[in-house]
Amino acid sequence: MIGSVNSILYRRPGCVLSLLLVSPLALLLLIHPAVMLDGAGSYNHAQLMLVMWGISAGFIHGVGFVPQHWLWRLLFHPAAAWLLMGQGYLMLLPDGAPGLVSG
């Protein structure tokens, strides 16, 4: 099973962690998207798409919604959200992120 609803990930501490991770990243992306530019002054669209997927999954998990179908539960799993949001925070570093997706 991909993730039981009774799992520790789906209890309140996990949801609060998701909201704490996703809120600053989402606000920064909405208010000042230029911080996601790379050294050449352009966006890495593949990497940014993965970060936005992580933000979406973080909000879904953070509000306590648990998808019932196994595919949606896999796509919006909290661990995947945390990894993808971590990639977003790495993009904010001065040198940029080494990247999950290069190119």
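Is Phe76 buried or exposed, going by its relative accessible area? Phe76 is buried, at 19%, where buried means under 20% relative accessible area, exposed over 50% and partly exposed in between (1.4 Å probe, protein chains only). A heads-up: this is a predicted model, where local features need pLDDT of at least 70, side-chain atom pairs count only at pLDDT 80 or more, and totals for chains, interfaces and linings use all residues. Residues are numbered from 1 along each chain as its sequence is written, and side-chain values use heavy atoms, with hydrogens and water left out.

**View A. The rings of Trp72 and Phe76 are stacked.** Their centres sit 6.1 Å apart with the planes at 15 degrees, so the pair counts as stacked (centres within 6.5 Å make a pair; planes under 30 degrees apart are stacked, over 60 edge-to-face, the rest tilted). Trp72 is partly exposed, at 47%.

**View B. Helix 2 covers residues 45-62.** Helices (H or I, at least four residues) are DSSP runs numbered from the N terminus. Gly64 follows, with a positive phi near 95 degrees.

**View C. Met36 belongs to the largest nonpolar core.** Such a core is a set of buried Ala, Val, Leu, Ile, Met, Phe, Trp, Tyr and Cys residues joined through side-chain atoms within 4.5 Å. Of its 13 residues, Leu25, Met36 and Ile55 touch the most other members.

Technical notes
Helices (H or I, at least four residues) and strands (E, at least two) are DSSP runs, numbered from the N terminus. The expected span of a helix is 1.5 Å times one less than its number of residues. Rings of Phe, Tyr and Trp (its six-membered ring) pair if their centres lie within 6.5 Å; planes under 30 degrees apart count as stacked, over 60 as edge-to-face and the rest as tilted.
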